[in-house]
Amino acid sequence: MLINVARIPEDGMPLEGEEPPEIFELEEPGDFRVAGPVCYELFAQLVSGRLLVRGTLTAPLETRCARCTQIFSTTVSDSGFLRDYSGIHGTEEVDITEDIREAIILSLPHFPVCDEGCKGLCVQCGKNLNKGPCGCPGGAGSGAWGTLDNLSL
Ligand SMILES: [Zn+2]
Ligand SMILES: [Zn+2]
């Protein structure tokens, strides 16, 4: 994303729009896939010869749940985006794409879960316990109640 420095008025300028997900193409952030455009709501201001850009970035994500390993959709956002560009004197445009990409990557969750109540996988048989108890002895869905549950289905 290019910011045209010459067009920023004295009291600053809001910048709103989208960056295509392709900006992540060269650097796929691990188990994450950016599933759509990165929305930005930024404010650009010139302060004593420097370009100050701050605001919020939001991107839709697809990632793998750390508990049940299912792929799920979520969003990641950075409401504290703040960058300060110096040495812009005589520059017409400042490219902040790299910083947008970096901010999103730094905001990725370390332990993504599809749902706060995700039950994860059975450690014995590997069944996704969100889809029902597995009946393993000693497992979450075992015992008389588990059997009754199975019968009632
Ligand atoms: Zn899950
Ligand atoms: Zn099991």
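This is a predicted model: local features need pLDDT of at least 70, side-chain atom pairs count only at pLDDT 80 or more; totals for chains, interfaces and linings use all residues.
**Cysteine contacts, strand pairing and the nonpolar core**

Leaving aside its neighbours within four places in sequence, Cys-68 is in contact with Cys-114, Cys-118, Gly-120, Leu-121, Asn-128 and Asn-130. Cys-68 itself is found in the loop between β5 and β6. With 19 C-beta neighbours inside 10 Å, Cys-68 counts as partly exposed, because a residue is classed as buried if 20 or more other C-beta atoms lie within 10 Å of its own.

Cys-136 lies in the loop between α1 and α2 (143-152). The C-alpha atoms of Cys-136 and Cys-125 are 7.3 Å apart in space, and the two residues are 11 positions apart in sequence. Cys-136 has 17 C-beta neighbours inside 10 Å and therefore counts as partly exposed.

The overall organisation of the chain is considered next. The chain contains 2 helices and 7 strands, and from the N terminus on, these elements follow the order β-β-β-β-β-β-β-α-α. Of the 153 residues of the chain, 16% count as buried. Among contacts with a separation of 6 or more, 55% are accounted for by residues 24 or more positions apart. The average pLDDT of the chain is 87, and 86% of the residues score at least 70. Over residues 139-146, however, the pLDDT is below 50; this stretch has 17 contacts in the model beyond near neighbours in sequence.

Several of the strands are paired. β2 (13-19) and β4 run antiparallel and are joined by 7 bridges; within this pairing, Met-13 has Ala-44 in β4 as its bridge partner. β4 is also joined to β5, again in antiparallel fashion, by 9 bridges, and here the bridge partner of Leu-46 is Leu-51 in β5. β5 in turn runs antiparallel to β6, with 13 bridges between them.

Ser-48 lies in the loop between β4 (38-47) and β5 (50-64). Although Ser-48 is not a glycine, its phi is positive, at about 40°. The hairpin of β4 and β5, in which Ser-48 takes this value, has 2 residues between the strands. Ser-48 has 6 C-beta neighbours inside 10 Å and so counts as exposed. The hairpin of β5 and β6 has 6 residues between the strands, and in it Thr-69 takes a positive phi near 65°. Thr-69, likewise a residue other than glycine, is placed in the loop between β5 and β6 (71-85). With 13 other C-beta atoms within 10 Å, Thr-69 is partly exposed.

The interior of the model was examined through its nonpolar residues. In soluble globular proteins, nonpolar side chains tend to be buried together. The largest nonpolar core has 18 residues, of which Val-38, Val-53, Leu-57, Ala-59, Ile-100 and Ile-104 touch the most other members. Two or more residues are given to this core by each of β4, β5, β6 and α1 (97-107). The greatest contribution comes from β5, with 5 residues. The surroundings of Val-53 illustrate the packing: not counting residues up to four places away in sequence, Val-53 touches Ile-3, Leu-42, Ala-44, Arg-83 and Ile-96.

The helix α1 has a buried side and a face turned away from it. Ile-100, Arg-101, Ala-103 and Ile-104 are buried in α1. They cover an arc of only 160° around the axis, which puts them on the same side of α1. The buried residues of α1 pack against β2, β4, β5 and β6. On the face turned away from this buried side, α1 carries the exposed residues Glu-98 and Leu-106. Two of the buried residues of α1, Ile-100 and Ile-104, are also among the members of the largest nonpolar core that touch the most other members.

Notes:
Residues are numbered from 1 along each chain as its sequence is written. Chains are lettered from A and ligands numbered from 1 in the order in which they are written. Helices (H or I, at least four residues) and strands (E, at least two) are DSSP runs, numbered from the N terminus. A residue is buried if 20 or more other C-beta atoms lie within 10 Å of its own, exposed if 12 or fewer, and partly exposed in between; C-beta atoms are placed from the backbone. A nonpolar core is a set of buried Ala, Val, Leu, Ile, Met, Phe, Trp, Tyr and Cys residues joined through C-beta atoms within 7 Å. Two residues are in contact if their C-beta atoms, placed from the backbone, lie within 7 Å. Two strands pair if DSSP finds at least two bridges between them. The arc is that of the directions from the helix axis to the C-beta atoms. pLDDT is the predictor's confidence in each residue, from 0 to 100.
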